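Hi,

Here is the structure I promised to pass on to you. Have a look at it first, and then read my notes below.

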Amino acid sequence: MGPAESGSSIEDQGLGKVAIVGAGVAGSAAAIRFAQRGAKVTLFERSVFPREKVCGCCLGAAGLAALDAIGAGESIRDLGLPTKFFRGYFQVAKASPTATQVTEEKRSRVPAVRIPIREGIALSRAELDQHLLTLAIEAGVQVRQPCEATIVAESGESVSIDAGTGSPETFDLVVVAAGLTGRFRQRDAADLRWLETPNGPMGLSAHMSRDEAKEIDWKLESGEIQMHCGRDGYVGIVCLPNGSLDIAAAVHPGKKTPSVMGGGKVAIQMKTLALLLDSGLFDSLQSRKLKLWFAEVACWQTTPPLRRRRVSGRGRVVAIGDAAGYVEPLTGEGMTWGIESGLAVADSWALYRLGQMTANGEADFGANWDRRAAKFQTRRRYLCRWVTGMVRYRPARWLACHVLRRAHWLATPFTRSLANGPRFDATSSIHRTASSFADASLRTHVSS
Ligand SMILES: Cc1cc2nc3c(=O)[nH]c(=O)nc-3n(C[C@H](O)[C@H](O)[C@H](O)COP(=O)(O)OP(=O)(O)OC[C@H]3O[C@@H](n4cnc5c(N)ncnc54)[C@H](O)[C@@H]3O)c2cc1C
């Protein structure tokens, strides 16, 4: 039931009832922000936590700054290890057709590049998501878990959600933070359907335990994000606080690869292995052990094709984080986009409700958010995509490793740009306006 139907005014309802579908980083960050702004928030999550998911586990400086704005930054920094630089291995020789045909001669030719970045952290996704969810509960958010939420009806002013109980609940706003794989509608409505880039990369990740990494003698320096780049994509590796290595890759499966019945999954695992072996880091004994680990030990999780986006909002249904569109992560841009979009949608909603109270609001909140979200993610999305696209070409990799090895400072404008995000502190005007919405004196002023 919307404000008009209920008979009570928007002023009485404040930010109203907000449902959030999905408790990944985007959903939980949004839930905390909405609750802090005074909304009545219900968060639906279909999985039981703690749960792992495909991720490179690096959270960049901009993401941490956004978490600071909701009071979560400090405790989350305590969960991670600092990341301070990026070590890139670029496949310069011709790529191996398969992981079994890598030669010594190719390995010896590949130099590594070291690029400093603004400090972020590496942390377990299972711990991060669990921790943010706990903070959301402490902020007053009602959590339904495990519980798959489905939108069953929408009108101009309200949206109904069925959480599997058979009796739908009505909300003023539904924020979809259901990631790349989430389903949230009874029917696939045309206006929020995915637009996919044909032949885009697919994601996969696995954890290698401390003992397994020791056995292979795969060591990372403190603060290192290791990246292996080649024709088929890239693999990122970081050391997590428990000593295990997170290995995450975005790999192009190739046009001829069967993407159904697990065929695609095996192909991208093999391509990931080839990227690692071709990069020149491992000697032949290490390579053998790594192949064995890939074949017999690793427990891989995969994603659907990554390059996808959708219209981020219509009416009272809006999408944030991966559910609105994937941002290729280099130093932590994926989670940063999720967190920032979560905070921004809460602030936009506060302003929208304020506008409704003063009759200055735009008619369609969702369409308004769609425009904002597109503007918001464009810079990082295209910067990251440009870099990951370029390093698929051998001359670009050759240039990158020969030029950046001697002059890493040439990458500084780029790394700085990734580390800068919108300001979400209490002094910016949007927050003053949004937080003053909860202030009784303003409400009296507006309604008088
Ligand atoms: C290979 C790879 C490496 C990556 N590396 C990094 C990295 O190093 N750093 C970085 O910042 N980003 C990285 N990313 C991106 C990052 O993982 C995502 O951007 C981020 O997880 C998006 O968060 P989210 O909250 O939008 O979605 P998710 O984290 O996917 O959360 C969505 C949640 O919604 C739930 N859900 C779905 N449907 C429903 C429903 N109907 N009802 C209830 N719950 C539902 C799911 O269970 C899930 O918990 C990487 C991605 C890939 C593929």
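A polar contact here is a pair of N or O atoms within 3.5 Å; within protein, one must be able to donate a hydrogen and the other to accept it, and residues adjacent in sequence count only if both atoms are side-chain atoms. Please keep in mind that this is a predicted model, where local features need pLDDT of at least 70, side-chain atom pairs count only at pLDDT 80 or more, and totals for chains, interfaces and linings use all residues. Residues are numbered from 1 along each chain as its sequence is written, and side-chain values use heavy atoms, with hydrogens and water left out.

Let's start with the ligand. A backbone N or O atom of Cys-57 lies 3.4 Å from one of the ligand's oxygen atoms. For Ala-26, a polar backbone atom is 3.0 Å from a ligand oxygen, while Ala-149 has a polar backbone atom 3.0 Å from a ligand nitrogen. The protein buries 95% of the 1000 Å² that the ligand exposes when taken alone (accessible areas by the Shrake-Rupley method with a 1.4 Å probe; for residues, only the protein chains shown count as cover).

Next, some strands (DSSP runs labelled E, at least two residues, numbered from the N terminus). Strands pair if DSSP finds at least two bridges between them. Strand E7 (residues 150-154) pairs with E8 in the antiparallel sense over 4 bridges, and Thr-150 has Asp-162 as its bridge partner in E8. The hairpin of E7 and E8 has 4 residues between the strands.

Enjoy exploring!
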